[in-house]
Amino acid sequence: MSLESTAVAAYLASHPDFFEEHSELLAAVKLTSGFSGRAISLQERQMEVLREKHKALELKLAALMRNGHENDQIAEKFHQWTCSLLASRHDTELPRILVDGLRQRFDVPQATLRLWSVAAPHAQAWFAKPASDDIRIFANGLDAPFCGPNNDFEAASWLDEPAAVKSIAMLPLRAPGAQQSFGLLVLGSPDAQRFSETMSTDFLVRFAGTASAALGSLLG
C-alpha cells in the first residue's frame, strides 16, 4: 500500500461519515467480486460479504443442531443402559448386562471388564479372573479414561478378539472419592479412530461412574 493510499485509509477510518456526506461516490467505487471476479459496486460487495457471513452462521447452526441431536440420542441410550442395570435382580448378572449393554446400545465391537478384591462368592466368576499388578497400578494412575491405539495392552487380551483391536478405551472403576481402583472396564474396536487420543471422554467418564456404582456390590 502506497503512502497516499495509507493516508486515504487513515482519513476514512477517522471520518466514518465521509460516504454519508458524499453518497454519490459510493456508486463510483468498484470492487472485485469474490464469486464472479467481475467489478461490482461497494453495495454489491457488502451484500456478498453479508451473504457469506449468513451462510457461515447457517452452517454453524446446522452443526450445533446435529451435535445436539446426537447427544440427545446418546443420552437416551445411556438412560436405557442405566435402567437395565437397575432392573437386574442378581448381582452376578450385572457385569454381563453391563458389557452386553455397551456393545448393543452403543455399537461397541468388543467390551469386557475385570474386578479385583471381589467378595468370596464371586471369586471364580469370569469378571474376577487374575489381573497383574502392573495393570492394577496402571488403573490406579488413570485420572480419566485412557483412549488411544492398542499397543499390546494386557487389558486388550481380555477381549474376545484382541488381535482385531486397533483402538482401545480403558475406564478405571473406583468408588466415589477413592484413590485406588477396584477394576477396569475395557472397550475395543477394529477402527483405529474409534477411541482416539483426542476424543471427548465426557460420556466415558459417565460410563465409568455408573459402572463403578453398579459393580460395587460385588466387592469383598
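The structure holds 2 salt bridges, a salt bridge being a side-chain nitrogen of Lys or Arg within 4 Å of a carboxyl oxygen of Asp or Glu. Before you select them, note that this is a predicted model, in which local features need pLDDT of at least 70 and side-chain atom pairs count only at pLDDT 80 or more, while totals for chains, interfaces and linings use all residues. Residues are numbered from 1 along each chain as its sequence is written, and side-chain values use heavy atoms, with hydrogens and water left out.

**Stop 1: helix 4**

Select Asp 100 and Arg 96, whose side chains meet in a salt bridge with an N to O distance of 3.9 Å. Both residues lie in helix 4 (residues 94-106), 4 residues apart, or about one turn of the helix; helices (H or I, at least four residues) and strands (E, at least two) are DSSP runs, numbered from the N terminus. Asp 100 is partly exposed at 22% relative accessibility, and Arg 96 is also partly exposed, at 36%, where buried means under 20% relative accessible area, exposed over 50% and partly exposed in between (1.4 Å probe, protein chains only).

Arg 103 and Asp 100 are 3 residues apart in helix 4, about one helical turn. Arg 103, like the others, can be coloured by accessibility: Arg 103 is partly exposed, with a relative accessible area of 21%.

**Stop 2: the largest pocket**

Next, display the largest pocket, which holds about 330 Å³ of space. A pocket is found on a 1 Å grid over the protein atoms alone, as an open set of points where a 1.4 Å probe fits, with protein on both sides within 12 Å along at least five of seven lines, and lining residues have an atom within 4 Å of a point; grid points are joined across faces, edges and corners, and a volume is the space filled by probe spheres set on the points. Of the 15 lining residues, Ile 74, Phe 106, Arg 194, Phe 203 and Phe 207 are the closest to the centre of this pocket. Helix 3 (42-86), helix 4 and helix 6 (202-215) are the elements that give two or more residues to the lining, and the largest share, 4 residues, comes from helix 6.

**Stop 3: the second largest pocket**

Stay with helix 6, which also gives the most to the lining of the second largest pocket, with 5 residues. This pocket has a volume of about 180 Å³, and the residues that line it include Asp 143, Pro 172, Arg 174, Val 205 and Ser 212.

**Stop 4: Ser 167**

Finally, select Ser 167 in strand 5 (residues 167-173), a buried residue with a relative accessible area of 0%. A polar atom of the Ser 167 side chain lies 2.6 Å from the backbone oxygen of Asp 191, and a polar atom of that side chain lies 3.3 Å from the backbone nitrogen of Phe 195. Leaving aside neighbours within four places in sequence, the residues in contact with Ser 167 (heavy atoms within 4.5 Å) include Gly 148, Asn 150, Leu 187 and Arg 194.

Notes: A polar contact is a pair of N or O atoms within 3.5 Å; within protein, one must be able to donate a hydrogen and the other to accept it, and residues adjacent in sequence count only if both atoms are side-chain atoms.
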